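Subject: Model for you to look at

Hello,

Here is the structure I promised. Please open it alongside this note.

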Amino acid sequence: MSATREKAQLMSASEIDRTLVRLAHEVLEKTIDLEKLAFIGIRRRGIPMAQRLAKKIEELEKVKVPVGVLDIKLYRDDLSTVGPKPVVSDTKIDFSVLGKDVVLMDDVLYTGRTIRAALDALFELGRPARVQLLVLIDRGHRELPIEAQYVGRKVPTSSREIIEVKFQEIDQLEKVLLVEKVD
């Protein structure tokens with residue numbers, strides 16, 4: 001993997017939190033029946049987003065939104081280039097997705113291939129009534145016709161730039177960085 005250098009900090013911890021509060025309100029505004037709402041975080045950084053948003057909605061509406069974890073490794077279209085044996089973490093969804101309004105969550109939307117894999121994995125579990133996508137950052141460069149209904153921030157990037165999302169739960173720090181590949 002090539003080395004990178006930090007170009008800019010795009011979001012601080014407080015900006016991430018404010019963005020998640022806004023996204024929670026947007027989800028509430030567009031949800032008709034909160035009893036059918038379910039959040040599924042794509043492993044890794046979609047998980048803390050789903051958990052945090054569920055907590056914010058519970059604080060606002062006193063409704064507990066079920067949260068699941070989706071591992072997409074076996075559904076990736078680049079599986080042969082990832083390595084000989086991908087390490088599979090368990091998908092953990094303790095509720096039926098059948099008839100649910102599922103909000104699928106990931107930190108960064110880029111080519112759309114991760115979301116395509118997530119949809120394949122999700123539909124193996126059942127048929128939700130509706131699936132929407134929520135991302136913290138949409139950086140463009142789509143290779144598939146996939147669009148997020150809820151976006152924290154749109155950040156146009158070049159092909160040499162990378163968005164790095166750091167969450168306390170995983171990285172022991174909280175920020176969003178724009179980094180650039182260096183030769």
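Below is what was found in it.

This is a predicted model: local features need pLDDT of at least 70, side-chain atom pairs count only at pLDDT 80 or more, and totals for chains, interfaces and linings use all residues. Residues are numbered from 1 along each chain as its sequence is written, and side-chain values use heavy atoms, without hydrogens or water.

The sheet. Three strands form an open sheet in the order S1-S8-S7, with antiparallel pairing. Strands here are DSSP E runs of at least two residues; helices are H or I runs of at least four; both are numbered from the N terminus. Pairing takes at least two DSSP bridges between two strands. S1 (3-11) and S7 (161-166) are the edge strands, each pairing on one side only. The twist averages 30° from one strand to the next. S7 and S8 (residues 175-182) are joined by 6 bridges. Glu164 has Leu177 in S8 as its bridge partner.

Helix H1 (residues 13-29) packs on this sheet and touches S1, S7 and S8. Contact means heavy atoms within 4.5 Å. The direction of H1 makes about 60° with that of S1. Axes are lines fitted to C-alpha atoms, for helices over the stretch in contact; angles run from 0 to 180 degrees between N-to-C directions.

Backbone points to check:
- Arg43 and Arg44 are joined by a cis peptide bond, omega about 25°. Arg44 is in the loop between S2 (37-42) and H2 (46-61).
- His141 is not a glycine, yet has a positive phi of about 70°. Its loop lies between S5 (130-138) and S6 (150-154).

Regards
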